[in-house]
Amino acid sequence: MKRLIYLTLAALIVVMVVAADFANALEPVPKESGFSGFIRPGVGYVSFKSNMIASFLGFDLSDKKTNALDSSPDSQSSAIVLVPFSLGYTFADTRTQLFLGTDLTDLVRFDFSQQIGVKQDIGKFGLIQGGFLFSGVPAKVWEDPYVAPNRNRQETDRNSLGGRLVWDRIFGIPLQVQYTYRNIDLDDEKSGDFFGLVDYKRDLLDRNGDRHSGEIIYRFDFAQRHQLAPAFVYTRNDLDGDAMASDVYDFQLTYSYRGDPVIFTANGFYGQADYDDENPIYNQDQDDDRYGFQATVYYKNPWGWRLLGSNPMNLYVSGAYVFIDSNIDFYEQEAILATGGVMFKW
Amino acid sequence: MDRDGLLKILVLMSMLLLLSCDNSSSSSSRGGPPAGTPIILSADPAINDSSAAVGNITVTFDKAMNAGSAASFVVYGSQSGKLSGTYLEGGSPQTLAFDPDQDFKPGEQIEVILTGSLTATDGRSFWPFVYRFRAESQSQPAPGTFIAQPALTSLAGAFALASGDWDGNGDLDLAVAIPGANKVVILNNDGAGNFTVGQTIEGQAGARALVGGDWDGDGDLDLAVANSNSSTLNILVNDGTGSLTVGFTFSGLFDPYGLAAGDWNGDGYLDLAVANFWGGDWLSILQNNGSGIFVAIKLIWDQTGPSTLIAGDWDNDGNLDLAAANWIGDWVDVLKNFGGGDFEVTQEISDRLATTGLAAGDWNGDGDMDLAFSNAYNHTADVVTNNGTGIFTVTQTFPGQTNSNAVISGDWDGDRDLDLAVANPGASNVVILDNDGTGSFSISIASTITGQSGASGLAAGDWDGDGDLDLAVANTGASGVVVLLNQSP
């Protein structure tokens, strides 16, 4: 569960980066039949502190060894390359689109899920989308994060499968609700193994389980080109280990300026996570405060470059900071991310 | 949606967040015995008795009890293992008694465990209760002066000792930890205090602490070894003849320096606690399943270089508590056991300097367990008094204990109160502190034992069978192990 939380934190960072997109409405179903999509290659720098997530997309996010089990993690930094994409095919007659790709909101959660699904325009009722989420590249976590200083930890895959339902532009108003379900499965969950914890206490640390997340976003145009999008996200990390299971409440506010050629988005969030039961290693309930912010600038079509018939290329730069302040130092998490790249849409 | 609608949504979100901010935590269950549970009115020998006469153990309850058994009325001797005997009705329906098959050894610590399987005749189950007392010196008075026997120099580098009757022949043997040689050596006693090297148990990497206990409850004394180099705890199982082999290894440790044994949860099995030294900085509370297999039931953080542990019931609630000397942190933590091995630090006795040795006993005869510390870097030994609730105060400090590394208690002079001995490697001596019976100690110059090069570990027992308490010293220097017999000069 803790690892999930860490994953969530890490994800938050990425989410922040993608937050502008995150707060946006679903893309409308194209008017014409055919393929559409985007690719958003980028490079960047990430500095990350976590004792729980081992690596993501091949980038090391924490050290094999811990310095101490009762202190905050050290930071790891790395250059990163991300190539999120989406590919869709539209049936114009039925206002239906099939799609496959990376959901940026998942990327933010360090969950490199792919989604395959269908989007349906239902006229005045809005736009609905349903998709199946699966891990194309599973995140790596530690089999047993809690080992003595200078002992190596072993990685294991963290897979997630689930689904997402989104209803946007509900009855024509700029309101979106969505529900996401995931089943989290670690190949080898060995939390508490090093300490030789009694079985019932090991069970409290089990990070396998389900995650349910509900979200509501309202997009509010308060001036020409300026939009605010407050959001509330409730997540139930219904993990098998009660010390890892949590209720997470996040408030998020996104501001966007949609000018030409500049688009600017900024996003901040604050949240809390309350855990169900006492942590058997640290003898207290974990409680987290979570906050972060991000800003992204898109520069539209500077030179009119295109790729394979795409719309003109956009450049973007983005920065994000996320911190999870846990009452148990070991679980603190911090991420700093700076990225830049290009985006092509078809 | 109009702006009012949006405002309502935001208000609703805010309320949900506020509701989510309830920081109430679920604490572990720490309830006491339910109403109507049988309670102990008295015990003979008394709880925490420093000089208990050899004989039956009798416990009187507030209501009539069903007969005790080996599972419900469990008695361990620190030098003997689990004691067998006869369970008696102690003269009234409210009284249960245990008549051990063998006498307690002089100065032996006896642990009595009344488990939850004891029942009253009204069907009520007993709430587990664990208490200890110390067997009397059978020579009253005793000389209180010590004559060194020839040093066992082949054991140079000895760091820690444990005393016990491993081979079950009635006399006390010694176990010696030699960390530099990665071994534990059993010294066999011929009954007159003459020790010879018996079994050598190799592969104990950095063996630094020893504690005897009957981990598998088979009636013979086993041994536990903290191996600092391999960060393991080895359980050495006795086959009944004194031959010890590794029966279980617990590896979830980091540089273990200190051990303590006792039944933390009142289930009738001896458990262990381990101090994980600097870099580890935590205590591991281990629970025994009754066959010498241990699992961790609690980890205790915020320690800084914990090196030594000692157990005792500081608040007389029937749960064995702990004290942990933090060698690097320069303090001693007092840990209360809320039952079931649920320990929590309740007092920090600070401003010590490299506390390395701990001893426990009722120094002033008030029925409460007190403490003594040895502080290596300010060259002192402290006498620390318990107010009866588990709150301790330093009442005496003895300077001149050069690099004091260990302290042990025993009734050296046979006056029925507990005295102290302090091992001072910096001065190559062992200093005897004599108790006047009120908890006021004084140094007996005549009983300062010199020639202990690198004195690091102490053990007490009646090596020569004359009824008084003798000493043994583990020396990291060339002296190796020196046996000190309690004799007149």
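Two strands are taken as paired if DSSP finds at least two bridges between them. Helices (H or I, at least four residues) and strands (E, at least two) are DSSP runs, numbered from the N terminus. The model is predicted: local features need pLDDT of at least 70, side-chain atom pairs count only at pLDDT 80 or more, and totals for chains, interfaces and linings use all residues. Residues are numbered from 1 along each chain as its sequence is written, while chains are lettered from A and ligands numbered from 1 in the order in which they are written.

In chain A, strand β15 (residues 226-239) pairs with strand β16 (residues 246-258). The sense is antiparallel, over 12 bridges. Q227(A) has S256(A) in β16(A) as its bridge partner. A hairpin of 6 residues connects β15(A) to β16(A).

β16(A) also pairs with strand β17 (residues 262-279) of chain A. This pairing is antiparallel and spans 13 bridges. Within it, Y270(A) of β17(A) lies opposite F251(A). The hairpin formed by β16(A) and β17(A) has 3 residues between the strands.

Chain B holds an open sheet of 4 strands, in the order β22-β23-β24-β25. Its pairing is antiparallel. β22 (306-312) and β25 (343-349) of chain B stand at the edges; each has a single partner strand, so one side of each lacks a neighbour in the sheet. From one strand to the next, the twist averages 25 degrees. For such angles, axes are lines fitted to C-alpha atoms, for helices over the stretch in contact, and values run from 0 to 180 degrees between N-to-C directions.

β22(B) pairs with strand β23 (residues 321-326) of chain B over 6 bridges, in the antiparallel sense. Here the bridge partner of G312(B) is D321(B) in β23(B).
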